[in-house]
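Biologist: I have a chain open on my screen and would like to go through its labels with you. Could we set each one against its definition?

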Amino acid sequence: MNASLPPAAASPAPSGLDEDAVRRLVHLFYERVHKDAVLGPIFSSRIKDEAWPVHLAKMCDFWSSVLLKSGRYEGRPLPPHLALGSDAGDAQFARWLALFRPTALEVLPPDAAQAAIAHAERMAHSFRLAIGFHNGEDITRATPFR
Ligand code: HEM
């Protein structure tokens, strides 16, 4: 062990990545979700107009925790997705990611965009497996989203 090593420090966020960038990511992404023919109706049937500010604030907390390690999100993300039933199949997750990837690349610095996309792909896959398992589907051949 090298006693002269400095204590490990948390790696700093890439420049250009801050709470404001997280807010822009979340707001632009859900603006696109809202207009989307596949996802728009799924979200608007579950989140009433007056509840959107609460959802957006929660999603800012979530992405701030993921990207800036702020620890602001303390929720349990799986249960609301289990409740989506057939509205959360492969096609819907693929569409969600198809909207999220370009939005992240547009709004975030490149390293942060890649980290956000990789995180979203991992969560989509694990939600998909959990939902499939919950619904009694054969999930043995489910492949990761990339
Ligand atoms: C098929 C794709 C998806 C659909 C249709 C969907 C839909 C929804 C809906 C309707 C809600 C609000 C639930 C409520 O407040 O009652 C929600 C919440 C949430 N979603 Fe998704 N989602 C999808 C994919 C994802 C992915 C890939 C992620 C992660 C990157 C994600 C992260 C979250 C989180 C963190 C919440 C907040 C959960 C909480 O603490 O209440 N979602 N989603």
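Biologist: Why is Lys69 called exposed?

Modeller: Exposed means that 12 or fewer other C-beta atoms, placed from the backbone, lie within 10 Å of the residue's own; 20 or more make a residue buried, and anything in between is partly exposed. Lys69 has 11 C-beta neighbours inside 10 Å, so Lys69 counts as exposed. Do keep in mind that this is a predicted model: local features need pLDDT of at least 70, side-chain atom pairs count only at pLDDT 80 or more, and totals for chains, interfaces and linings use all residues. Residues are numbered from 1 along each chain as its sequence is written.

Biologist: Where does Lys69 lie, and what is its phi?

Modeller: Lys69 sits in the loop between α3 and α4. Its phi is near 55°, a positive value in a residue other than glycine.

Biologist: And what makes Asp36 partly exposed?

Modeller: Asp36 has 16 other C-beta atoms within 10 Å, which is why Asp36 falls into the partly exposed class. You will find Asp36 in the loop between α1 (19–35) and α2.

Biologist: How do you know which residues Asp36 touches?

Modeller: Two residues are in contact if their C-beta atoms, placed from the backbone, lie within 7 Å. Leaving out residues up to four places away in sequence, Asp36 touches Arg95 and Leu99. Asp36 and Arg95 are 59 residues apart along the chain, and their C-alpha atoms are separated by 9.1 Å.

Biologist: What share of the residues counts as buried?

Modeller: Of the 146 residues of the chain, 17% count as buried.

Biologist: Which residues come nearest to the ligand?

Modeller: There are 21 residues around the ligand, and Gly75, Pro80, Gln92, Trp96 and Met123 come nearest. Near here means that the C-beta atom, placed from the backbone, lies within 6 Å of the molecule. α2 gives the most to this shell, with 4 residues.

Biologist: What makes the shell residues nonpolar, polar or charged?

Modeller: Ala, Val, Leu, Ile, Met, Phe, Trp, Tyr, Cys and Pro count as nonpolar, Asp, Glu, Lys and Arg as charged, and the others, Gly among them, as polar. Sorted this way, the shell divides into 14 nonpolar, 4 polar and 3 charged residues.

Methods: Helices (H or I, at least four residues) and strands (E, at least two) are DSSP runs, numbered from the N terminus.
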